[in-house]
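This report describes one structure in short sections. Please keep the sequence and the 3D view at hand while reading.

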Amino acid sequence: MTTTAVPPITPEPQRRSWYKRNEISVTPWLFLIPAILFFLVYVIFPIFQSFNLSAYQWDGLGEKEYVGLSNYKELWDDPAFYTSLKNNLIWLVLYLLAIPAGLFIALFLNQTVAGIRIYKSLFFFPFVISQVVVGLVFTWFYDPTFGLLNSVLGVVGLGPVNVLGDPTYVTYGIIAAGLWPQTAYCMILYLTGLNAVDPEQVEAARLDGAKGWKMLWYVIVPQLKPATFIAFVVTIVGALRSFDLISIMTNGGPFGESRVLSFYMFEVALSEYGFRMGYGAAIAVVLFLIMLCFIAYFLYSMYKEQKGH
Amino acid sequence: MRFTYKASIAALSTVAVVAGGSLSASAQELTGDLKIFLDTSNPAPRATMEKAIAQFGELNPDLNIETTIIDREAYKTQIRNFLTANSPDVANWYAANRMKPYVEAGLFEDVSDLWAEPEIAENLASTKGAMTIDGKQWGVPYTYYQWGIYYRKDIFGELGLSEPTNWEEEKANCAKIVESGRACYAIGSKFLWTAGGWFDYLNLRTNGFDFHMELANGDVSWEDDRVRATFANWRELIDMGGFLENHQSYSWQEALPFMVQGDAASYLIGNFAVAPLREAGLSDDQLDFYQFPAINPDVALAEDAPTDTFHIPSGASNKENAKAFLRFMVSPDIQTQINAGDALGQLPVNAKSAVDDDKFLNEGFTMLSSNSPGGVAQFFDRDFPAEMAKVAMEGLQEFMVRPDNLDAILARLEKARGRIYK
């Protein structure tokens, strides 16, 4: 090996490439480009596409026909739309029960007993299994003839109730099924949150004589705020996406009384008897506007949070 | 026409030899590809179709056949994608209004020339109407099946009942069945269409085939007194407690156990229910069939007989091969073979085919060929446009659960009619 004389490299800042000069500001964008691109193509663009489509009448096969706002006019006096909207609101309100329920189970499980990990995983189990399975299990549970619910009700002299066949109970019946996995989800969020609770603050509060509900409300819950926020977000999103359970348990029935907007949209636009793309898009736009309220709120809270730090 | 099993097998094999010879002679020209999409995903239909396609392949050794079998339910939405984007050469579907959207969008090939061939024109005449839109034919049928009332013969015997032939007898039977603590009719209306079957029959019997078709085509108001008469007849059975309780929570399969266990005495359903009922342990001594009885003696009896079909997508790349395949599938021997009791278990569309020696197939064949003078309807959700069918079947289910809502339901359907048939 002979050593070749290497000419000394003199730094020449003027001749550095454009990229080198702007590395710090450009690199993050380079990393972001794929995400931004996909977000634009698969999220932002379809939103505007839906807005556009909702002004047309189209069966997905033939020619599109521009109809202006007539899809929305039809929505305005479509009883099925109001049923779905009402059910969506019921879902939004009742689904939030998963948050306090998850909190209490988390508090209950947040102790050191032999085998606590097994109990925790058992409580978490419903979130792991598929929504389809949850739906099927609850369908059998509610079965008016052979179901466990009616057998139990029969023992105490009540019933029989056909939960999924009665328009008054059906939505509540499905929400109860949905709460089972959702509670488990909130529970796991709070369990991790509880790990981060400052034991010194708890100690200090105890010295000051706080206990029971006061301790929970004024010391523990404020420290769980980040967990509560996430639980709130995922629960709201879960409520608005409630589709699989309805599809499995009732298929929107009886006579369309358990539909929510997302299911109605699917039925109108994509199901066996549907294919009214414009009308489906109009429902999607309404659903989007409802979601937008929550999205705006979430973004605002996160923005505030960031500024605070 | 009744055939004994042995005789039909013998006839079949001779026909097969003769037809096989002639087909292979003409088939030597078939080369290239043939892409077939099917929705026959249940085990028996799947095996039947694969066998028939294999036979077609044997006759055309140089033909490269590619078969894709798609889940029956998923197929209903996927067909839109593959017809527009990546067409196969043959796809199966359903007759009448169910194929109309694809015909109107120009996605199905006009096969009127096939129907002009004497082989098909003469032997498939009975289903030509269901395949015709705008005076042209858009595919060929390959199977159809009867609807009617399947009942527990042993329960009827125990209660001293006989097959009813008119509405009064039907109601008298039902009253006795209800008295014995059973439901007269099993039904699972969770997926709505079974309620459509009841409406079809009640309306066909109350107002006749022509009126039913006028209603399907949107020419008659849902608030018409004749429609109300149909619902009034229906209501008599509902008020009697004739229908299985909580039927809105069950699919048609989930309602079968009630019939098997003797909690329900009969079931208005298509012939496809026979196989699961037999598998569940009902023997032919326990299970029997009768034609839906006459209600209005002045209207001719008409039946529901849904027809399944083969089509050539207009985007197909091997149309000649596809046509040869269609010819093959409707030929008498293949029709006999694929519709046999151990295959599809349905009725062949070719008049020269043999009906398998099965009690229900024979009864259905006799009923449709000689005792359905009023006409043959497809089925509620195939005769009515899809959108109308959906809204209407939901209303029918609501009526069965809450008969007092009838006025509101009919007003809703009438409004939908105004919007859908423009």
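The model shown here is predicted. In it, B:Asp134 is exposed, because 9 other C-beta atoms lie within 10 Å and a residue counts as exposed at 12 or fewer. B:Asp134 sits in the loop between β4 (132-133) and β5 (136-137) of chain B. Its phi is positive, about 55°, although B:Asp134 is not a glycine. Most residues other than glycine have a negative phi.

B:Leu192 is another residue other than glycine with a positive phi, near 70°. It belongs to the loop between β8 (183-186) and α10 (193-216) of chain B. B:Leu192 is buried, because 25 other C-beta atoms lie within 10 Å and the limit for a buried residue is 20 or more.

## Nonpolar cores

The largest nonpolar core has 118 residues, and B:Val140, B:Tyr150, B:Tyr185 and B:Leu244 are among those with the most contacts inside it. Domain 1 (5-144 + 305-368) and domain 2 (147-304 + 385-420) of chain B both contribute residues, so this core lies between them. Apart from this core lies another, of 56 residues, including A:Phe138, A:Leu261, A:Phe275 and A:Ala282.

Leaving aside neighbours within four places in sequence, B:Tyr150 is in contact with B:Ser266, B:Tyr267, B:Ile269, B:Ala273, B:Val274, B:Leu287 and B:Phe289.

## Overall form of chain A

Chain A contains 15 helices and two strands. Its C-alpha trace spans about 100 × 75 × 45 Å along the principal axes. The radius of gyration of chain A is 27 Å, whereas a compact globule of 309 residues would have a value near 19 Å.

Of the 309 residues in chain A, 32% are buried. Among the contacts in chain A with a separation of 6 or more, 67% join residues 24 or more positions apart.

## Helices and annotated regions of chain A

The UniProt record, an unreviewed entry, places the feature "transmembrane region" at several spans of chain A, including residues 215-240 and 279-300. Residues 215-240 of chain A are 96% helix and 0% strand, with end C-alpha atoms 34 Å apart. Residues 279-300 of chain A are 100% helix and 0% strand, and their end C-alpha atoms lie 31 Å apart.

Helix α11 (residues 212-223) of chain A has 12 residues and should span 16 Å at 1.5 Å a residue; its end C-alpha atoms are 16 Å apart, which agrees. Helix α11 of chain A is hardly covered, as the count of buried residues among its 12 residues is one.

How values were computed: Residues numbered from 1 in each chain as written. Chains lettered and ligands numbered in written order. Predicted model: local features only at pLDDT ≥ 70, side-chain atom pairs only at ≥ 80, totals over all residues. Helix = DSSP H or I, 4+ residues; strand = E, 2+ residues; numbered from the N terminus. Rg over C-alpha atoms; globule rule 2.2 N^0.38 Å. Contact = placed C-beta atoms within 7 Å. Expected span 1.5 Å × (residues − 1). UniProt positions renumbered as here; feature names shortened; annotations may be inferred. Core = buried A, V, L, I, M, F, W, Y, C linked by C-beta atoms within 7 Å. Domains from an automatic or database assignment.
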